[in-house]
Amino acid sequence: MKGITRTFLRVLFVLIVFPLSPAFSAPLEVTFYPQGVWIREQSRLPVEKAKEGEKVRLKLPPQADPQSLHLELSNPRGGRIVDFTWREGGLSPDERELGLRQRGEELKKQKANLTAQLRAVEGQLLFWQTQAKGKAKNMTDAANIAFIIGKNVKKLSGEKLALEAELEKIEKSLSDTEKERITHQKRPPAWEVTVELEEVATREITLNYAYFFRDGAWSSLFRLEALPAQKVISLAWEGELYQNSQEDWKNVLIRVSDFAFKPFTFRDAKEKVVPDLWGSAPGCVRTVGRTDVPAGKKIRVRLLEEKWPAEFSYLARPHFAEEALLRGEVKCPTPNVLGRGKTILVRDGTVIGKGDLTISGKEGRFFFGFDPMVKVTFPSLPHASGESKATREVKRIKALNGKGYPVSLIIEAP
């Protein structure tokens with residue numbers, strides 16, 4: 001009983017003398033911008049006594065901009081935020097680092113065990129390989145000895161190959177684990193933020209905070225498909241997101257914005273020179289919903305699917321090419337402000353080109369490549385004497401429509 005009491009007191013002493021460092025909080029909402037991510041989080045934090053008033057501490061990832069930090073107490077009556085400071089703080093070994101270390105130790109034990117088994121098999125194999133010569137009294141004995149030796153050598157050789165293959169896998173896993181552990185240790189230091197408080201009457205507070213995170217972004221991806229038979233242009237709009245926080249974001253509410261976001265400071269917020277970004281992020285164009293965003297991997301989210309009524313026409317330049325160029329013009333009842341992004345152009349299910357495209361406003365004109373089903377040619381036929389060259393060319397133009405439905409054709413004169 002005394003031993004248990006001493007152990008408890010020792011652990012309590014360690015916790016009092018060396019208080020636990022603040023842990024990372026999980027994002028609740030994120031707004032992706034082309035040059036970063038605006039992150040909202042919430043933490044329940046213990047209040048510490050300070051020389052003047054109280055304080056709480058929280059931790060931000062290395063890629064955060066601490067100057068952009070925006071703070072609010074969940075219960076405004078529970079106190080008042082005076083100011084905050086930040087510093088680079090080294091990370092204590094976290095669960096992932098400890099897990100990698102334990103995994104490495106376990107792999108080392110497996111490697112030692114396999115190595116011992118392999119050496120034992122090699123010793124037995126050497127024993128059987130050195131048996132035989134000069135020990136047979138007659139042909140029958142020689143045959144029996146050869147059979148026994150061959151049987152054991154074959155069995156041991158198979159065991160040796162299996163152990164070597166398993167040992168190779170263990171060594172690779174051990175190497176990968178060590179590389180991952182070293183990479184994990186080389187992470188830049190996180191930010192430790194100290195928030196100064198006044199008039200706090202509780203031992204814990206709930207703090208809402210938001211900050212700009214630089215190692216993440218999003219970009220637009222469009223897919224425009226021309227469907228001339230249906231007289232529509234089909235639009236699929238996706239967003240490609242990524243974040244490199246080294247922590248997976250689980251079930252986080254996602255928004256995307258094309259706004260050229262400029263991080264602001266807490267002092268700016270106090271002076272009311274910028275809007276309150278906790279309530280709504282600027283320039284937000286789409287709410288994606290809740291999903292997981294893994295660290296270090298690009299994911300795609302669907303933002304919009306629409307079909308626009310379109311007028312199609314074929315533009316022929318027979319002095320340049322036989323195929324006619326498909327052109328689609330749209331007039332939407334309401335303006336679209338979708339921004340700029342990489343675009344895939346499709347004609348009746350066939351990808352015909354890629355590039356960058358800006359989609360905005362109520363009207364648009366899009367080109368969907370040269371269609372081999374619509375051709376205009378100048379056949380080489382003898383011409384009558386006395387005809388001008390222009391007259392001959394006009395008379396000899398031939399148009400071919402293989403689409404199966406009428407098309408509007410515009411022929412450009414040479």
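Q: Which residue forms a salt bridge with Glu412?
A: Arg317 does, in this predicted model. The closest N and O atoms are 3.3 Å apart.

Q: Where do Glu412 and Arg317 lie?
A: Glu412 is in the segment after strand E17 (409–411). Arg317 is in the loop between strand E13 (299–316) and strand E14 (323–347). The two are 95 residues apart in sequence, so the pair ties together those parts.

Q: Is Glu412 buried, exposed or partly exposed?
A: Partly exposed, at 29% relative accessibility. Arg317 also counts as partly exposed, at 36%.

Q: Switching over. What does Arg347 pair with?
A: Asp371, with the closest N and O atoms 3.9 Å apart. Arg347 sits in strand E14 and Asp371 in strand E15 (residues 350–377), 24 residues apart.

Q: And why does Asp371 count as buried?
A: Its relative accessibility is 2%, and buried means under 20%. Arg347 is buried too, at 10%.

Q: What about Glu29, what's its partner?
A: Arg40, at 3.2 Å between the closest N and O atoms. Glu29 lies in strand E1 (residues 29–33) and Arg40 in strand E2 (residues 36–46), so this bridge ties together parts 11 residues apart in sequence.

Q: How accessible is each of them?
A: Glu29 is partly exposed, at 24% relative accessibility. Arg40 is buried, with a relative accessible area of 2%.

Q: Which residues do shared partners join into one network?
A: Glu238, Glu240, Lys298, Arg300, Arg302 and Glu305.

Q: How many salt bridges does the structure hold?
A: 26.

Key
Residues are numbered from 1 along each chain as its sequence is written. This is a predicted model: local features need pLDDT of at least 70, side-chain atom pairs count only at pLDDT 80 or more; totals for chains, interfaces and linings use all residues. Side-chain values use heavy atoms; hydrogens and water are left out. A salt bridge is a side-chain nitrogen of Lys or Arg within 4 Å of a carboxyl oxygen of Asp or Glu. Helices (H or I, at least four residues) and strands (E, at least two) are DSSP runs, numbered from the N terminus. Buried means under 20% relative accessible area, exposed over 50%, partly exposed in between (1.4 Å probe, protein chains only).
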